[in-house]
Amino acid sequence: MSGRDLFCQPRRGRAGAALAAAFVGVLVTGAATGSLPGRADRKSEAEHAGSAALTAGGRHEEVSRAAAEAMADGTSPLKAAERAVSRSGDRWGAVYSHREYEEFQEALDGQYTGVGLCARRERDGRIEVTKVRAGSPAAAAGIRAGDRLRSIDAEKVDGLPVTEVVSLLRGDAEGAHAGTAVTLGLQRGTRAWSATLHRARLSTDPVTVRRPADRVTVIRIAAFTKGVGDEVRTAVRHSPPASGIILDLRGNSGGLVAEAVTTASAFLDGGPVATYDVDGEQRALHADPGGDTTRPLVALVDGGTMSAAELLTGALQDRGRAVVVGSRTFGKGSVQMPSRLPDGSVAELTVGHYRTPGGHGVDGRGITPDLDADSDAMRRARTVLTGLGDSS
């Protein structure tokens with residue numbers, strides 16, 4: 001398992017355990033979501049959802065009441081809210097502290113507070129640095145990929161889950177902000193040393209584009225943070241004429257639904273992307289007209305493809321725009337609605353479910369690829385893309 005120093009600890013409790021896989025990898029948190037925005041927090045998806053999303057009603061009121069009663073009794077409103085969410089049986093329901101929710105929203109805006117390194121845990125429990133972001137505090141301190149991370153603020157990290165290492169790097173326990181210091185114990189070969197870094201506000205790199213010499217453009221999307229859709233459309237426009245595209249969605253645990261719809265618009269000429277219900281009321285998401293519908297396209301997915309990424313995959317598959325290669329996706333096709341609790345924390349509860357343009361439910365089922373592939377998925381995607389190009 002590997003991760004970058006983004007986000008906070010996974011959500012607490014039963015729902016947190018279910019969501020711990022959500023942003024593991026490039027994004028580390030339990031906040032994988034196709035969620036609708038809070039009333040005053042975010043407008044990008046509300047433009048699609050409409051005011052009906054605010055009728056989640058009873059469940060939100062019950063959780064809010066539990067938090068308020070706990071405040072009156074002098075006990076933890078956060079824990080009371082978590083118990084209420086657990087009792088509701090909502091698989092994806094969860095509660096964030098005020099700080100956690102702020103970090104979640106910052107991350108969806110493509111920003112985070114950290115030192116700019118990626119790490120993974122080796123089989124023997126050692127934590128190894130796998131990547132250092134250029135211009136980050138870690139880069140300025142001379143840390144390199146391959147260095148061993150031995151401790152964080154004198155706490156040994158060998159054997160810790162990557163999510164806990166990430167939390168220590170970010171200073172989640174103390175609510176650390178940009179400018180706060182963190183001391184790392186490091187080792188390179190036989191040399192051991194310590195370095196004190198100051199956390200900084202950094203930007204994520206959710207979209208990467210590679211153009212190998214075989215007339216294939218590979219666009220990898222790590223998560224649907226703010227601006228991703230426009231980045232993908234730009235990448236498509238700048239791809240060489242007649243080149244095929246592999247859209248790599250492996251490990252993409254979702255994000256902003258609006259960005260997934262904008263991404264779909266890069267490959268579709270209008271039409272449906274998904275339908276969804278909010279408290280039983282049916283609604284739809286549509287692509288913008290004018291997308292590139294002629295280039296050969298393969299979507300690459302796996303069991304870590306979730307939520308908004310599944311919404312995009314289902315649209316491209318059902319509408320015959322892409323051949324889907326890989327393994328069955330995760331199966332999170334639910335809509336969450338956040339609401340603010342009396343103590344400033346946020347409860348996020350399920351209010352509906354998505355369906356693909358062909359009417360297929362995703363939640364608990366996932367999307368079955370057109371062509372199964374595992375370790376050789378990229379090679380098979382290239383082979384399929386070559387065939388699509390030959391037949392066009």
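## Questions about a predicted model

Student: Good start. What kind of model is this?
Tutor: Residues are numbered from 1 along each chain as its sequence is written, and side-chain values use heavy atoms, with hydrogens and water left out. Local features need pLDDT of at least 70, side-chain atom pairs count only at pLDDT 80 or more, and totals for chains, interfaces and linings use all residues, this being a predicted model.

Student: Which residues gather in the patch of negative charge on the surface?
Tutor: A patch takes residues with over 30% relative accessible area and no salt bridge, joining like charges within 9 Å and nonpolar side chains (Val, Leu, Ile, Met, Phe, Trp, Tyr) within 5 Å. Asp and Glu count as negative and Lys and Arg as positive, with His and the chain ends not counted; a charge is placed at NZ of Lys, CZ of Arg, CG of Asp or CD of Glu. Among the members, D153 has a relative accessible area of 40% and E155, in strand 7 (residues 155-156), has 39%. The patch consists of D153, E155, E164 and E174.

Student: What percentage of the 392 residues count as buried?
Tutor: Buried means under 20% relative accessible area, exposed means over 50%, and partly exposed lies in between, with a 1.4 Å probe and protein chains only. The protein has 11 helices and 20 strands. Of its 392 residues, the buried share is 54%.

Student: And how much of the accessible surface belongs to carbon and sulfur atoms?
Tutor: Accessible areas come from the Shrake-Rupley method with a 1.4 Å probe, and for residues only the protein chains shown count as cover. The total for the protein is about 16100 Å². The share of carbon and sulfur atoms is 48%.

Student: Is S307 buried or exposed?
Tutor: S307 sits in the loop between strand 16 (297-301) and helix 10 (308-318). Its phi is positive, near 55 degrees, and it is not a glycine. With a relative accessibility of 3%, S307 counts as buried.

Student: How many of the 11 residues of helix 10 are buried?
Tutor: The buried residues include A308, L311, L312 and L316. Helix 10 is largely enclosed by the rest of the structure, and G320, with a positive phi near 70 degrees, follows it. The buried number in helix 10 is 10.

Student: Which residues does V228 touch, leaving out those up to four places away in sequence?
Tutor: V228 is in helix 8 (residues 228-237) and is buried, at 0% relative accessibility. Its C-alpha is 9.4 Å from that of D205, 23 residues away in sequence. Contact means heavy atoms within 4.5 Å. On that basis V228 touches P206, V207, I221, A223, E259 and T263.

Student: How far apart in sequence are the parts tied together by R233 and D288?
Tutor: A salt bridge is a side-chain nitrogen of Lys or Arg within 4 Å of a carboxyl oxygen of Asp or Glu. R233 and D288 form one, with their closest N and O atoms 3.8 Å apart. R233 lies in helix 8 and D288 in the loop between strand 15 (281-286) and strand 16, so the pair ties together parts whose separation in sequence is 55 residues.

Student: How many salt bridges does a search of the whole structure find?
Tutor: One of them pairs E122 with R120, the closest N and O atoms being 2.8 Å apart. Another joins R283 to E281 at 2.9 Å; R283 is partly exposed at 23%, and E281 is partly exposed at 39%. Salt bridges with shared partners also join R120, E122 and E128 into one network. The search of the whole structure gives a total of 13.

Methods: Helices (H or I, at least four residues) and strands (E, at least two) are DSSP runs, numbered from the N terminus.
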